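Q: Before we look at any numbers, could you take me through this model feature by feature, giving the general idea and then the case at hand?

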Amino acid sequence: MSHHEKSEPGRLKYILFNLITDPVLVIDDQMRVVIHNQAALKFFPRCDMRQHSQFSDVAEHISNRQVVLNMVALGLEGKRVKKNVVMFINEREYTGGLTVEPGPKTTSSEQHRPWVVLVFKDSTAYQRLQKRMTQDEFFDRSSGLLNRRSLDIVLETELEKASRSSSRAKLALMMIQITNLEGLKLAFGPKISNIIFEQVGNNIREALRLSDMIFHYDDNRILAIVTQFEWKSDLLIVAERVEDQIAVPFHHQETDIHLRACIGITIFPEDGSEKDQLISNSTAALAQAIEIGKPWLIFNDDVHQQALDRLFLRSGLTKAVRENELQLRYMALVNAEGQICGVEALVRWMHPERGLLGPDQFLPIAIHSHIIGALTRWVLYRLIEDYQKHFSKLDIFCTFNISAVDLEDLYLPISIQTAIKGKMDPSKIKIEITESEFMENYDRAQTAIESFRQHGFDVLIDDFGVGNSSLSYLKDLSARYAKIDKSFLTDIVESALELDFLHHIVALCKVRNIIVLLEGIETQAQFEKLTSSGADLFQGHFFGTPMTVEELMRRFAEHKVFSD
Ligand code: C2E
Ligand code: MG
Ligand code: MG
């Protein structure tokens, strides 16, 4: 990356490095600046590589120098640190996000890193530009975010677009309130809320997609329009990402300010088709979320009722696990010849008053209230029982689903091993984890997968391809199976392009020796198109909806697929 390098790739890297308009510095463990880009010179005119300047000298003109130095020190101990800051450099104000990214581990020590990369994501220019546009009627004068007038226009257009669209894609509004803003204003003066709003706005944008938009709604609220998602669970992932972004501490006047936020969510078309109705429903959901102390809440005709429902379900769930109100359904996994090779266990709750509930209705509650560990074990024990009683006669394997919280449980692999001892061969059990949950904590998930594999259990990445992953993770993925998300199958019969795309995804996995499952096959036509795709296993309503073990065994008998 240095300009002394003469080779072609070296020069190209150097040019690219200098194209980055944010200042980037590489600082070694002697606190010397070893590499910097051109943009860094603007901030730190004292950067001089040939002399290997001391970073403490380079940073001399930063108002919060000590904070920055501490961040670098933490980075050298292997910690990734991110902070939002307002810095005065040579008397000039800069706003943005400061990130210290640790370099690779050295062999000598676990923590110690030979160098760190310091990046300052400068949003000053962007904010100045937006501020200049505040004369314009579409921007809020104080924060530089789009104002309510813009919201009216944009939302109307988006709603019209969404109602014309034939796909299942939906639109949602997220009303985001910074709940401790009043206190901060009292502590730091009224100007702080403008700075916070600007910075929070920028951070929330990072959690959203480019097609999504945010608006300054009022004193302490920001409204986001989230477009083109299919499942409620996707929306909740976005809500959690927004929460995470808001949780990045904000450094101001020598202290770290921690913001707290609540989110009220409303979905088009379920919760309303009119603009005003959707907005007022999101406000109602927000008020309810604040009242019951939830980070977010989705509006549903009667939010109040729903909030009570959650509390009601939550208190019943512990009992459900204990008193066997849970049930399992099974879905077949078949090969290209249509023979059943395995089954996936899916949990249900036979609620004494509500009837049969699907996982969407109670899993989030189980996860948030830490009942999930007990639920996962219940599923496992019931699966083993069913295996012993029924499946052991057949030559099939069983899969069951776990959640991100289960990955934190270091004893899970051993628990499974103990539970199946003498009852089931480890090769007959596989563990499904959805890609999005996997990506929540990539390092932890990789370690967990390795541990499962060491105990003889294969891991399968569920809903593969939609979980915000990058292709690079495929490279060192230690899971042996991938179940490609059903959304990739929707249009394959009508569109040769979609089919081709799916073929390429399958091929990509195959190059990495990953066994591929296709999920969500609903029609004969789909199955016919897919048998030659190179995928190994298939699943979907075409082969039967989730059924009880008795129903499944009847199917087996009818299809005469017993292996004997
Ligand atoms: P998943 O693991 O991806 O399971 C597949 C879901 O898609 C199931 O919904 C299944 O009924 C549905 N499905 C399968 N084939 C088709 C098809 O051809 N068309 C359509 N429209 N849908 C199809 P279900 O049973 O409601 O489960 C939803 C999710 O809940 C599961 O997604 C899984 O992530 C989670 N889940 C289910 N059981 C458990 C469990 O015991 N523990 C944990 N942690 N999660 C579970
Ligand atoms: Mg699954
Ligand atoms: Mg799936």
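A: Let us begin with burial, where a residue is called buried under 20% relative accessible area, exposed over 50%, and partly exposed in between, with a 1.4 Å probe and protein chains only. Glu344 is buried, since its relative accessible area is 3%. This is a predicted model, in which local features need pLDDT of at least 70 and side-chain atom pairs count only at pLDDT 80 or more, while totals for chains, interfaces and linings use all residues. Residues are numbered from 1 along each chain as its sequence is written, chains are lettered from A and ligands numbered from 1 in the order in which they are written, and side-chain values use heavy atoms, with hydrogens and water left out.

Q: How should I read the confidence, and where is it lowest and highest in the protein?
A: The quantity to read is pLDDT, the predictor's confidence in each residue, from 0 to 100. The protein averages 86, and 92% of the residues score at least 70. By element, where helices (H or I, at least four residues) and strands (E, at least two) are DSSP runs numbered from the N terminus, the lowest confidence falls in helix H5 (residues 124-132), with a mean of 61, and the highest in strand E16 (residues 397-402), at 98. Residues 1-5 have a pLDDT below 50, and beyond near neighbours in sequence this stretch has 10 contacts in the model, a contact being heavy atoms within 4.5 Å. Residues 560-564 are also below 50, with 9 contacts counted beyond near neighbours in sequence.

Q: What coordinates the magnesium ion (ligand 3), and which residue bridges the magnesium ion (ligand 3) and the magnesium ion (ligand 2)?
A: The magnesium ion (ligand 3) is held by Asp462 (OD), Asp463 (OD) and Glu519 (OE), at 2.0 to 2.4 Å, with the donor residues spaced D-D-x55-E in sequence. The bridge is Asp462, and the two ions lie 4.5 Å apart. Asp462 sits in strand E18 (residues 458-464) and Glu519 in strand E20 (residues 515-519), so the pair ties together parts that are 57 residues apart in sequence. Asp462 counts as buried at 5% relative accessibility, and Glu519 likewise counts as buried at 10%.

Q: Which residues is Lys486 in contact with, leaving aside its neighbours within four places in sequence?
A: With those neighbours set aside, Lys486 is in contact with Trp231, Glu519 and Gly520, and Glu519 is one of the residues that coordinate the magnesium ion (ligand 3). Lys486 lies in the loop between strand E19 (481-484) and helix H19 (496-511), and is partly exposed, with a relative accessible area of 34%. Lys486 and Gln539, which are 53 residues apart in sequence, lie 9.6 Å apart in space, C-alpha to C-alpha.

Q: Is Ser282 buried or exposed?
A: Ser282, in helix H10, is buried, with a relative accessible area of 0%. Not counting residues up to four places away in sequence, Ser282 touches Leu173, Met175, Leu223, Gly264 and Thr266.

Q: Which backbone angles deserve a careful look?
A: One case is the peptide bond from Phe268 to Pro269, which is cis, with omega near 5°; Pro269 lies in the loop between strand E11 (261-268) and helix H10 (275-292). Another is a positive phi in a residue that is not a glycine, as in Met31, at about 65°, placed in the loop between strand E1 (24-28) and strand E2 (33-36). Asn324 also has a positive phi, of about 60°, without being a glycine, and Asn324 lies in the loop between helix H11 (303-322) and strand E13 (326-334).

Definitions and conventions. Donors = N, O, S within 2.8 Å, 3.2 Å for Na, K, Ca; no water.
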